[in-house]
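Thank you all for coming.

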Amino acid sequence: MAVQWWQIILLTIYAGYQILDELQIFTGLAQPVFAGLISGLIMGDVTTGLIIGGSMQLTVLGVGTFGGASRIDANSGTVIATAFSVGIGMDPEQAIAAIAVPVAGLMIQMDILGRFANTYFANRIDTKIEEMDYKGIERNFIMGSLSWALSRALPVFLALTFGGGFVNSIVDVLNNQLQWLGDGLSVAGAVMPAVGFAVLLRYLPVKKHMPYLILGFVITALLTTIFGNIQLLGDTVATVVDDFSNGFVGMPMLAVALIGFGLAFREYKRTIETPSVPSGNNGTTSNEGEIEDDEL
């Protein structure tokens with residue numbers, strides 16, 4: 001199934017919108033998991049979209065920007081990877097490693113170009129403010145937003161319009177002549193979320209909250225094993241007893257999230273109830289002497 005023209009238009013519009021949402025609208029739709037959901041809905045395969053979007057979300061989970069720094073555009077990578085994965089029947093894990101991650105890395109250059117263009121319009125806005133030209137301020141603000149939107153929408157449009165044949169030939173080679181490389185890319189795509197977790201754990205205060213990390217891992221592992229065995233037992237009984245209609249399901253991720261929320265809320269309450277000692281750098285210092293404020 002090829003990517004249809006109306007799908008290209010909708011994906012292009014979303015690609016332009018998501019960067020504006022991240023910068024000034026703030027509806028929460030500028031995240032890779034939502035990019036996968038929306039792209040999956042447009043392409044008609046939500047499962048594939050969520051697999052790619054969720055994996056890219058975990059990949060960039062610990063990646064942040066400071067000041068004017070640029071980072072990989074996981075949203076655009078998710079949109080393009082989902083479209084090609086569904087459109088040409090590419091394995092989602094393979095699409096993550098072969099399309100989503102490389103495209104996200106290449107889009108750094110478009111992010112820099114968008115910043116340069118927006119700086120020009122921002123300087124014009126400063127001039128219009130001095131001249132008290134409110135119409136000029138509004139006009140340059142819109143032009144700056146348009147430059148940001150085009151920095152994402154234009155590459156996505158070109159990739160989806162002219163890149164289908166090229167990507168299709170790559171998939172054919174990976175699935176035939178270079179099957180070993182295609183399998184390797186699939187494995188690499190499955191490992192990418194673990195890399196995101198590793199980056200996140202590198203910046204989180206793991207040593208300070210090690211008991212919660214261990215407790216969360218043990219609880220999740222135990223409940224997953226218990227619910228998994230119960231589900232397996234129910235499916236086995238259903239194959240033996242004809243009138244057995246009770247179905248057993250696995251543990252939902254919502255239960256894991258609620259357990260984590262409960263532990264985090266308990267730690268939050270303990271933190272705000274514990275008096276802190278002001279430090280010399282306008283931050284707060286814990287009883288162990290660790291600076292807890294992020295402004296050093």
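Predicted model: local features only at pLDDT ≥ 70, side-chain atom pairs only at ≥ 80, totals over all residues.

**A helical span and its surroundings**

Helices here are DSSP runs of H or I with at least four residues, strands are runs of E with at least two, and both are numbered from the N terminus. Residues are numbered from 1 along each chain as its sequence is written, and side-chain values use heavy atoms, with hydrogens and water left out.

The span comes from the UniProt record, an unreviewed entry, which lists residues 149-167, 187-205, 212-232 and 244-265 under "transmembrane region". UniProt positions are given in the numbering used here, feature names are shortened, and annotations may be inferred rather than shown by experiment.

Which helix gives the largest share of the nonpolar patch? It is helix H9, residues 210-240, with 9 residues. The patch covers about 960 Å² of surface, and among its members are Leu201, Met210, Phe217, Val218 and Ile230. Such a patch is made of residues with over 30% relative accessible area and no salt bridge, where nonpolar side chains (Val, Leu, Ile, Met, Phe, Trp, Tyr) are joined within 5 Å and like charges within 9 Å. Accessible areas come from the Shrake-Rupley method with a 1.4 Å probe, and for residues only the protein chains shown count as cover. Val218, for instance, sits in helix H9, and Val218 counts as partly exposed because its relative accessible area is 38%; buried means under 20%, exposed over 50%, and partly exposed in between.

Stepping back to the whole protein chain, there are 10 helices and 2 strands, and from the N terminus on they run α-α-α-α-α-α-α-α-α-α-β-β. Of the 296 residues, 31% are buried. The chain exposes about 17,800 Å², with carbon and sulfur atoms supplying 68% of that area.

Now to the charged side chains. Side chains of opposite charge can pair when their charged atoms come close. The structure holds 6 salt bridges, each being a side-chain nitrogen of Lys or Arg within 4 Å of a carboxyl oxygen of Asp or Glu. In one of them, Asp73 pairs with Arg152, the closest N and O atoms being 3.1 Å apart. This pair links distant parts of the chain, 79 residues apart, since Asp73 is in the loop between helix H3 (46-59) and helix H4 (74-88), while Arg152 is in helix H6 (residues 134-162). Are Asp73 and Arg152 buried or exposed? Both of them are buried. Together with Asp111 and Arg115, they are linked in a network of salt bridges.

Lys128 takes part in a salt bridge with Glu131 at 3.9 Å between the closest N and O atoms, and in another with Asp133 at 3.7 Å. Lys128 counts as buried because its relative accessibility is 14%, whereas Asp133 is partly exposed, with a relative accessible area of 23%.

Finally, Gln57 lies in helix H3 and counts as buried, at 17% relative accessibility. Leaving aside residues up to four places away in sequence, Gln57 touches Gln31, Pro32 and Val33, where contact means heavy atoms within 4.5 Å.

Key: Buried < 20%, exposed > 50% of the residue type's maximum accessible area, 1.4 Å probe, protein only.
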